[in-house]
Amino acid sequence: MGNDTLLALVVVTALAFDFTNGFHDTGNAMATSIATGALGPRTAVALSGALNLVGAFLSLSVAATIASGLVATNLVTLTVVFAGLAGGIIWNLLTWFLGIPSSSSHALIGGVVGSTIAAAGGHAVKWHGLVQKVIIPAGLSPVIAGLVAATGTWLVYRISRGVHPKARSHGFRIGQIGSASMVSLAHGTNDAQKTMGIITLALIANGSLHSGAKAPFWVILSCAIAIALGTYMGGWRVIRTLGKGLVEIESPQGMAAESSSAAIILLSSHFGYSLSTTHVATGSILGTGVGKKGAEVRWSVAGRMAVAWLFTLPAAGLVGAGGYGLAHVIGGNAGIVVVLVLLLAVAGLIYLRSRRTAVSHQNVNAEWTGTVAPPSEKPKEVASV
């Protein structure tokens, strides 16, 4: 397999990751709007996909962080990038199947860092950049988002306490459309850039770009399209958990959550912080539960999410390291092909398993019964004559 063929394989795999990033994170922007009925499920994912596409063109700060701020580019090879992407994709698909809104960003970064360590050792990782740009924002962002959303929720209920509940709900549903649109736009500015950064890293590793180069336009365009298509597909399992499983949410809470998320994500994109939009959105939704008196917050669901967040970086890193190790031991083209076949097999198995307990736009708003997949409706009995 020549370098150009391997480079093409890495680019296609990166775009596949970008697609999974899109459908995994649709719920970050649209879960609350779908749950409150501000937008129909299909309309919501179509609007979110279009705004993700636009947002991908608005900034390149995060792409630069991913391309040159986390690992030593002179020690990274195409095989390293490919194995790292495999780690990110498998973790994304697994958490989507379980309905856990984990971080696609951390899955990608964990996969690439793991494969880099396996290939070149720990000194190839820019630990200072990893801690400053990824670990610290991961810990702080959901807390900050939660505090902002809780304050916003308390304020909107206090300011609108004299308004008739029906009129208040209608007004905030309209407001939700605007705030959810801002989150989708913000998601495009942050998450789409991560794959741009990875493809740029692969181009640098291949010698097609010099170290420190920015993402070419074709990379920006292809990544924007891939994440928009993934968003339009709608990761209904994650949407259901965020919209129905975490907090019983009303339209004022939804608007407060989305406004908080949009403000924090846009601010981080401006400064080049590769934070997890999932952590921000989840923190915001939890904050709305805390900020509304008498709201039900399912802390057991939040606890499962927190555990998944803790495991995302190391788990994706182990898969990335294992993928690189397998490709290296087998050697040559055969090693790459074996890792590719395993990646496709695992992805296929997860998809087929998900069809047994399918969640779609038709049942995403069904009553929460403790599991991601709603119970299937029993056929109505026909009365005997």
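Q: Which residues are buried in H9?

A: The model is predicted, with local features needing pLDDT of at least 70 and side-chain atom pairs counting only at pLDDT 80 or more, while totals for chains, interfaces and linings use all residues. Residues are numbered from 1 along each chain as its sequence is written, and side-chain values use heavy atoms, leaving out hydrogens and water. Buried means under 20% relative accessible area, exposed over 50%, and partly exposed in between (1.4 Å probe, protein chains only). Helices are DSSP runs (H or I, at least four residues), numbered from the N terminus. In H9, the buried residues are Trp 236, Arg 237, Val 238, Ile 239, Arg 240, Thr 241, Leu 242, Gly 243, Lys 244 and Gly 245. Ten of the ten residues of this helix (236-245) are buried, so H9 is largely enclosed by the rest of the structure.

Q: Which residues touch the most other members of the largest nonpolar core?

A: In soluble globular proteins, nonpolar side chains tend to be buried together. A nonpolar core is a set of buried Ala, Val, Leu, Ile, Met, Phe, Trp, Tyr and Cys residues joined through side-chain atoms within 4.5 Å. Here the largest core has 81 residues, and Val 10, Val 81, Leu 85, Met 196 and Leu 246 touch the most other members. Helix H1 (residues 3-36) contributes the most to this core, namely 13 residues. A second, separate core has six residues, among them Ala 186, Ile 264, Ile 265 and Val 280.

Q: What does Val 81 touch?

A: Contact means heavy atoms within 4.5 Å. Leaving aside residues up to four places away in sequence, Val 81 touches Val 10, Val 76, Ile 198, Leu 201 and Ala 202.

Q: How many salt bridges does a search of the whole structure find?

A: Side chains of opposite charge can pair when their charged atoms come close. A salt bridge is a side-chain nitrogen of Lys or Arg within 4 Å of a carboxyl oxygen of Asp or Glu. The search finds three. In one of them, Lys 194 pairs with Asp 191, with the closest N and O atoms 3.1 Å apart. These two are three residues apart in helix H7 (residues 165-205), and therefore separated by about one helical turn. Lys 194 is buried at 0% relative accessible area, and Asp 191 is buried at 0% as well.

Q: Which residues are linked in a network of salt bridges?

A: The network links Glu 248, Glu 296 and Arg 298. Arg 298 meets Glu 248 at 2.8 Å, N to O, and Glu 296 at 3.8 Å. Arg 298 is buried at 15% relative accessible area, whereas Glu 248 is partly exposed at 34% and Glu 296 is partly exposed at 43%.
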